[in-house]
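Biologist: I would like a close look at one part of this model, the charged side chains and how they pair. Please set the pairs against the chains that carry them.

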Amino acid sequence: MKNPLRRRILRELRQEFPKYLVIFLLMSLSIGFISGFLVADNSMLSAYWNSFEKYHVEDGHFRTPKAMNKAQKKRVNQLGITLYDQFYTDQAMDNETTLRIFAPRDTVNLVCLMGGRLPEETGEIILDRLYARNNQIAVGDSITAGARTWTVVGIAALSDYSTLFSDNNDTMFDSIRFGVGVVSREDFSLFRDSELMYSYAFTYESPPADEAAEKDRAEDLLEDLTQEIKLKSFVPRFQNQAIKFTGEDMGSDKAMMIILLYMIIAILAFVFAVTTSNTIIKEATVIGTLRASGYTRGELIRHYMASPLLVTLISAVTGNILGYTVFRKVCEWMYYNSYSLPTYTVLWNGEAFMETTLVPMFLMALINFLILRRALALSPLKFIRRDLTRKKQRRAMKLPYIIPFFSRFRFRVVLQNLPNYLTLFVGIAFANLLLMFGLGLPMVLDNFQESITTHLLSNYQVMLTLPMDTVNEDHKLETLFSMMQFSAGAETENETAEKFNIHALDTTYEQYKAEEITIYGIEEDSRYVPVDVSGSRVYASSAFADKYYLKPGDTVTLREKYEDDIYSFTIDGVFDYIGGLDLFMSREAFNQTFDEDEDAFAGYFSDTPITDIDEEYVGTVIDVEDLTKVSRQLQVSMGGMMSLVNVFAVVIFIVLMYLLSKIIIEKNAQSISLAKILGYTNGEISRLYILSTSAMVVICLLISMPLVYRALVEILHIMLLNEMTGWLPMAVKPIMFVEIFLAGVGSYALVALVEYRRIRHVPMDTALKNVE
Amino acid sequence: MFLSIHDIRKSFGSGDSRVEVLKGIDLEIERGEFCVLLGPSGSGKSTLLNIIGGIDAADSGEIIIGGERMAEMKERQLTLYRRKHLGYIFQMYNLIPNLTVRENIEVGAYLSDAPLPVDDLLQTLGLAEHRDKLPNQLSGGQQQRTAIGRAIVKNPDILLCDEPTGALDYKTSKEILKLIETVNQKYGNTIIMVTHNGAIRQMADRVVRLRDGRIRDNVLNADKVPAEALDW
């Protein structure tokens, strides 16, 4: 015979439909979103990895100052690689963006056409999908660069630009101001030689077995190549951010998403447990009778666990269906917002099924089991007598009579419902965390952009570059001549210009990924970095100090990239600058440290453009746009997600407040009914029961906000340390706290209205029926 | 002897507030006997019933039922013992509110390997026409009859009744008592009933009177009267 108690389960679900509905909605939406995310992530990641083969992605590329001749190509091809021309031109477009234009690709780094067609004639172009979208360009539109105009005939993803990095040394990609496109071969031939960049992609004839082998192979190749040709750059695939960044970033969000889901499930499990505990109180005598009749504790635990597990199962199934259909598209949209990914097919993801179905079921079962086991541990007799306290002599807390009666009453309601309020606190804290993330991160990014704009080291930072042929061990005379030429050509008459030298080293923290730190050698009385660097004093930028918890007196150890040279610097002070992770020292000390000539310098700080330097020697000019790439990109790629997070947080607020307030009213239905009989008005009763919860909501909000804020700052700090280069100061405006508070109170106001209705509908005979 | 109770003692509280509720109870009951425990409030009759039912433990003493010593049973064994041998009827019916009459009786049937046929029992209890009603659609007497059905459907060796008519009016109380009498005669269960209604003693085989934690009388009733004839 099947346990007849199971017939209650569906009836219970029907009777408590609103409660189970909101839990179901919250759970299925959470599971759906995470499942969609995992499915999209997995499918797109798989498409991304497969794209290497499918679109024949290069093993690396290098750039030469001029086109290689046939003899050079022949010699290079004998180094165990196959070479492909991949010339391009960077065009400054009229919409203030830079478009990198390629000729059609037939053999390597193939194009994934996602709409329209390939260019066939002069004046036609296909554009990277993301760049086109970010700049509101559609198929059929025209784009211009000075005198040239192209009609956009197609939208595509270039397999070697899944992330739009214009320069491999950039800290962040820029899909707004940088894009890639392809024109017809005929059209490409119209570009002047001076406009072209001579880039060559290569593939290894026998692919290296693993990343270590790939690294060795690349190092050997670089050595061999420099014997044959002059190089302007050399980027093996494993170092190419435009290719690798997507894969690394897509994997990294997964853990956070899953933790988010488990937190939601755990909170809902507690909500279930609190509701079930309330049911146990309500059904105490029945439970006592059943236990006295011989029902085991296990049978009753299983019975009370059935509804939460059933709802979780239905939510998980619904969530997964939504995940594979609706939410996958939302997540796909999020990824397509950041990356220029090729098209993909949806793959079944067994791991996602486990993480969004089996683990939530297990979590729900475990939390409910532990709480029910404790709740049902009392003897049958105690249940029959409705004596569900564990402590033997529980005395009422004495409240001074000077406190008005209504306040004392409310305080007792709070005491009676402490476990509910504790769950409420955890839920509110969690919703706060999400809201702070959703509201705070845009503020952090805005603040970063604002401060960086107002706190630039200088309006222009000109980096000089030594032509690649300047240093040649075998031709010392040539080298000397080139150096003299460089020294003369790199001098400026600009009065605001101030020399600096610069060098990049990597951090050596064992627990974090190596990160590039820029060492500046500055003038001792620098007007741009006004700190005392006399002697060998060293200042750290506040970004560096904040990120790695540095303070004056600390020593940082840095190392040369890919080499064993180690440098230690003792920090004498912190300079308020958030634009980069930098160390500042005098140019003299710098040149000594890095064994350079006494007068050596690598660039200028300047407040006005420097126009009198030979263009050949100007490497890059760093301006505000470069420094705000990180924050701008984060704003674009996370903007959509932030609104989702905010909506989700408010939903959590409402659902938890609704469920927990409902329990409190139901628990007190008899007292409310009795109060009505005694002549209390609905308003008075509401003030007793609803105001207590209102006060607790306000208290929970006020206590949790600073705690959660501290936690979030720490979490973001750890995320930045572990996953991102650079630094964002966690500055939020006080208005954020006001907004969160209002969101919480506003959500509760809605719930309070529902509760007021509930109180009005408690019938007076409730008190008369159940007198025992 | 089917049920032997020997020197059962039980006290509540500690120190100055310690109250000895049972002060050495000795009692023997035959299989199929209808035993009434009479006594004023606080005399210890419900406590004794709960100890026999294995839902409360004695401080000392011994209870042997059908050859099994209760003192040696762990919690799990006690549950199995109740499952196998006992049926409980309380003053408050403690029915499951969202199960129908029939389903509430099935809750008891589930515990037995050989339950009585539920539909026959519904007839016996006079509940056949109410079988699909929920408890809140029933009168107090009908609810108590359902509770009796739930207790006896598993055909327990012992039926423990704690003031089963305490919340009922005269007429309904008599109906319930008649029902218990029928059950006793038809199924041969041993019945131990706690009551403070002195009139009920007339329908019992054995009348045990408790006062202040001790047995005052323990008499076999020679002039047993059917429940129908009771009056109070």
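Biologist: How many salt bridges does the structure hold over all chains?

Modeller: The structure holds 40 salt bridges over all chains, a salt bridge being a side-chain nitrogen of Lys or Arg within 4 Å of a carboxyl oxygen of Asp or Glu. This is a predicted model, in which local features need pLDDT of at least 70 and side-chain atom pairs count only at pLDDT 80 or more, while totals for chains, interfaces and linings use all residues. Residues are numbered from 1 along each chain as its sequence is written, chains are lettered from A and ligands numbered from 1 in the order in which they are written, and side-chain values use heavy atoms, with hydrogens and water left out.

Side chains of opposite charge can pair when their charged atoms come close. One of the salt bridges joins B:Glu75 and A:Arg291, with 2.9 Å between the closest N and O atoms. The pair crosses between chains: B:Glu75 sits in helix α2 (residues 75-85) of chain B and A:Arg291 in helix α8 (residues 284-293) of chain A. Helices here are DSSP runs of H or I with at least four residues, strands are runs of E with at least two, and both are numbered from the N terminus. B:Glu75 is partly exposed at a relative accessible area of 48%, whereas A:Arg291 counts as buried at 3%. Buried means under 20% relative accessible area, exposed over 50%, and partly exposed in between, with a 1.4 Å probe and protein chains only.

Within chain A, A:Lys382 pairs with A:Asp387, the closest N and O atoms being 3.9 Å apart. A:Lys382 is partly exposed at 24% relative accessible area, and A:Asp387 is also partly exposed, at 31%.

Another salt bridge links A:Arg527 to A:Asp607, with the closest N and O atoms 3.5 Å apart. A:Arg527 lies in the loop between β14 (516-522) and β15 (539-541) of chain A, and A:Asp607 in the loop between β20 (603-606) and β21 (618-622), so this pair ties together parts that are 80 residues apart in sequence. A:Asp607 is partly exposed, with a relative accessible area of 27%. Elsewhere, salt bridges that share partners join A:Arg7, A:Arg11, B:Arg102, B:Glu103, B:Glu106, B:Asp119 and B:Arg131 into one network.

Now the chains that carry these pairs. Chain A has 22 helices and 21 strands, and its C-alpha trace spans about 110 × 60 × 45 Å along its principal axes. Of its 772 residues, 53% count as buried. Chain A has 72 positive and 92 negative charges, whose mean positions are 23 Å apart. Lys and Arg count as positive and Asp and Glu as negative, with His and the chain ends not counted; each charge is placed at NZ of Lys, CZ of Arg, CG of Asp or CD of Glu.

Chain B has six helices and 10 strands. Its radius of gyration, 17 Å, is close to the 17 Å that the globule rule gives for 232 residues, so chain B is as compact as a globular protein of that length; the radius is taken over C-alpha atoms, and the rule is 2.2 Å times the number of residues to the power 0.38. In chain B, 56% of the residues count as buried. Chain B carries 29 positive and 32 negative side chains, and the centres of the two sets lie 1 Å apart.
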